[in-house]
Amino acid sequence: TSGSAKTTPEQYDIQYLTPVDIGSPPQTLNLDFDSGSSDLWVFSSKMPSNSVQGQTIYDPSKSKTAKEVKGASWNITYGDKSTSKGVVYRDTVTVGNVTVQAQGVEAATQVSDQFTRDASNDGLLGLAFSGLNTVQPQQELTWFDNAVKSLDHPVWTADLKYHKAGTYDFGVINKSKYAGKISYVNANSTTGFWMFGMSGYSVGNSTFKPSPFQGIADTGTTLALIPSPIVQDYYKAVSGAKVDPFQGGYVFPCSARLPNFVLGIGQTKITIPGKYINYAPIDKSGKTCFGGLQSDDGVGFSIIGDVALKAAFVVFDATPAQPRLGWAQK
Ligand SMILES: CN(C)c1ccc(C(=O)NN)cc1
């Protein structure tokens with residue numbers, strides 16, 4: 001089998017939400033597909049009502065195929081310090097006509113305010129490696145790891161777009177979605193993330209600068225967090241750019257012209273258009289804007305999030321002997 005699901009960006013492409021059918025009859029929730037984590041968790045009927053503000057909830061008592069996983073619990077903290085926790089059910093989960101029976105569905109009993117305030121996000125579907133799953137006492141597999149046995153190929157692809165809907169495909173690499181050849185680099189899955197090496201960068205039309213660094217491909221992170229010397233080099237080319245500690249990173253006048261940013265990955269180069277790096281205004285005046293490229297200081301590796309991923313067609317190839325990431329222009 002193979003399948004394809006449309007994914008729709010929230011305002012400013014802060015995240016992309018994809019419809020997922022859970023249970024029988026199907027309850028459709030819009031989830032944030034996240035290659036930077038490995039829990040499939042949902043807003044649920046087990047939460048206090050004041051922490052559900054606009055989201056769609058999963059109610060296992062209304063699903064004929066739901067089965068409680070007795071004694072299981074989960075608790076997760078994300079890079080932005082947001083958190084959620086709860087209990088576990090097994091139920092049927094369908095994404096883009098690919099169905100997994102008895103998928104671990106983590107029903108939230110509590111979520112932090114960042115989630116409550118995000119009305120269009122009904123939960124997350126983790127697509128990192130299952131070793132990062134937080135269910136205790138026995139980890140659950142990700143939806144992809146359960147689906148892979150029935151997929152034609154052990155791959156999924158991300159075709160995210162700027163201020164426009166894109167697609168996640170499972171079990172197939174759709175040639176009509178990219179241009180030229182796909183360049184593959186090995187992924188180091190021992191970290192549980194889709195971690196890979198970049199070879200260097202260039203700012204605008206400048207010469208390519210060799211500068212090897214490691215990062216993770218993270219569909220669940222909005223911006224691209226890369227080494228601070230490279231970020232400094234980029235914003236040197238943006239008049240009026242400066243670090244604003246109160247905003248937590250580089251800001252610049254929204255009228256500024258932003259150069260393209262090129263990432264060297266394997267045998268290919270991915271060009272992130274300057275307009276993707278003019279991420280969003282910091283306030284309603286629209287005078288000052290926040291950069292889509294920011295420093296990875298304090299993380300320990302770079303986080304190649306949506307600002308970069310939406311500039312490419314990305315293959316997450318989970319071939320057991322050697323996982324790989326494929327990159328193509330589009
Ligand atoms: C608060 N929300 C919606 C988040 C969603 C995803 C993440 C994340 O770090 N994914 N890799 C953090 C927060």
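**Exercise 1. The largest pocket**

The largest pocket has a lining of 37 residues, and those nearest its centre are Gly-79, Asp-80, Gly-220, Thr-221 and Thr-222. The model is predicted: local features require pLDDT of at least 70, side-chain atom pairs count only at pLDDT 80 or more, and totals for chains, interfaces and linings use all residues. Numbering runs from 1 along each chain as its sequence is written, and side-chain values use heavy atoms, with hydrogens and water left out.

Task: State how much space lies in the largest pocket, and describe its lining by element and by class.

Solution. 
- Step 1. On a 1 Å grid over the protein atoms alone, a pocket is an open set of points with protein on both sides within 12 Å along at least five of seven lines, a cavity is a set where a 1.4 Å probe fits but cannot get out, and lining residues have an atom within 4 Å of a point.
- Step 2. With points joined across faces, edges and corners, and volume taken as the space filled by probe spheres set on them, the largest pocket holds about 1200 Å³.
- Step 3. At least two lining residues come from each of strand 3 (27-34), strand 5 (67-77) and helix 1 (113-116); helices (H or I, at least four residues) and strands (E, at least two) are DSSP runs numbered from the N terminus.
- Step 4. By class, the lining comprises 15 nonpolar, 14 polar and eight charged residues; Ala, Val, Leu, Ile, Met, Phe, Trp, Tyr, Cys and Pro count as nonpolar, Asp, Glu, Lys and Arg as charged, and the others, Gly among them, as polar.

**Exercise 2. The ligand**

Solution. 
- Step 1. For polar contacts (N or O pairs within 3.5 Å), a side-chain N or O atom of Asp-34 is 2.8 Å from a ligand nitrogen. A polar side-chain atom of Asp-218 lies 3.0 Å from a nitrogen atom of the ligand, and a backbone N or O atom of Gly-220 lies 3.4 Å from a ligand nitrogen.
- Step 2. Taken alone, the ligand exposes 350 Å², of which the protein buries 89% (Shrake-Rupley method, 1.4 Å probe).

**Exercise 3. Cavity and backbone**

Task: Which residues line the largest cavity, and which peptide bonds are cis?

Solution. 
- Step 1. The largest cavity has a volume of about 40 Å³, and its lining is formed by Tyr-12, Asp-13, Tyr-162, His-163, Lys-275, Tyr-276, Asn-278, Tyr-279 and Lys-310.
- Step 2. Tyr-12 has phi near 60 degrees, a positive value in a residue other than glycine, and is placed in the loop between strand 1 (3-9) and strand 2.
- Step 3. The bond from Ser-24 to Pro-25 is cis, with omega near -5 degrees, and the bond from Gln-136 to Pro-137 is cis, with omega near 0 degrees.

Note on methods. A polar contact is a pair of N or O atoms within 3.5 Å; within protein, one must be able to donate a hydrogen and the other to accept it, and residues adjacent in sequence count only if both atoms are side-chain atoms.
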